[in-house]
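Subject: Structure handover and notes

Hello,

Please find the structure below. My notes on it follow, with the cut-offs stated where each term comes up.

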Amino acid sequence: MPVANVPTSTLNNGVEMPILGFGVFQIPADDTEQVVAAAIAAGYHALDTAASYGIEEAVGRGIKASGISRDELFVTTKLWVEDQGEERARHAFEASLEKLRLDYLDLYLIHQPFGDYYGSWRAMEKLNQEAKQASRETQ
């Protein structure tokens with residue numbers, strides 16, 4: 001049964017984020033593509049993943065296999081500890097986009113605030129200003 005009329009919460013930048021979504025933590029890599037496509041078919045249009053899960057490629061394939069338009073989804077992924085810092089965070093963001101086969105993310109989070117998370121935050125602010133992370137409002 002599809003998830004209908006999911007309530008949203010407004011983020012500080014004005015983006016509407018669904019308060020109900022589907023997380024992929026600990027889904028085996030071999031099952032992820034099919035599980036993500038099934039979740040989308042069931043009505044979950046908010047997806048949560050992370051670089052550290054090692055399955056962003058499979059999530060991207062699941063999104064593509066679902067056949068749903070990108071602008072109907074809210075996709076979140078997270079920066080891992082080893083990629084903290086301004087330069088590394090930017091590269092990690094680009095790598096996540098490539099693995100997910102997306103042009104933009106709706107939300108990019110610092111998974112754990114260790115290391116140079118101030119540098120990571122600066123990188124995220126710049127990405128947001130460049131509209132690479134700005135979500136539907138710029139698409």
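The loop between β2 (16–18) and β3 (22–23) holds G21; helices here are DSSP runs of H or I with at least four residues, strands are runs of E with at least two, and both are numbered from the N terminus. G21 is partly exposed, at a relative accessible area of 39%. On this scale buried means under 20% relative accessible area, exposed means over 50%, and partly exposed lies in between, with a 1.4 Å probe and protein chains only. Leaving out residues up to four places away in sequence, G21 touches Y44 and A46, where contact means heavy atoms within 4.5 Å. The C-alpha atoms of G21 and Y44 are separated by 5.8 Å, and the two residues are 23 apart along the chain.

On provenance, this is a predicted model: local features need pLDDT of at least 70, side-chain atom pairs count only at pLDDT 80 or more, and totals for chains, interfaces and linings use all residues. Residues are numbered from 1 along each chain as its sequence is written, and side-chain values use heavy atoms, with hydrogens and water left out.

Overall fold

The chain has four helices and six strands, in the order β-β-β-α-β-α-β-α-β-α along the sequence. Its radius of gyration is 14 Å, close to the 14 Å that the globule rule gives for 139 residues, so the chain is as compact as a globular protein of that length. That radius is taken over C-alpha atoms, and the rule is 2.2 Å times the number of residues to the power 0.38. The C-alpha trace spans about 45 × 35 × 20 Å along its principal axes.

Of the 139 residues, 39% are buried. Among contacts between residues at least 6 apart in sequence, 71% join residues at least 24 apart. The accessible surface comes to about 7,700 Å², and 51% of that belongs to carbon and sulfur atoms; areas come from the Shrake-Rupley method with a 1.4 Å probe.

The largest nonpolar core has 25 residues, and I63 and L105 have the most contacts inside it. Such a core is a set of buried Ala, Val, Leu, Ile, Met, Phe, Trp, Tyr and Cys residues joined through side-chain atoms within 4.5 Å. Two or more residues each come from α1 (29–41), α2 (56–66), β5 (74–79), α3 and α4 (117–129). The most come from α3, which gives five.

In α2 the buried residues are E56, A58, V59, G60, G62 and I63. They pack against α1, β4 (46–48), β5 and α3. After α2 comes G67, with a positive phi near 80°.

Which residues does S96 touch, not counting those up to four places away in sequence? They are A51, E56 and T77. S96 is found in helix α3 (residues 86–100) and is buried, with a relative accessible area of 2%.

Exposed loop

E82 is in the loop between β5 and α3. E82 counts as exposed, at 52% relative accessibility.

Regards
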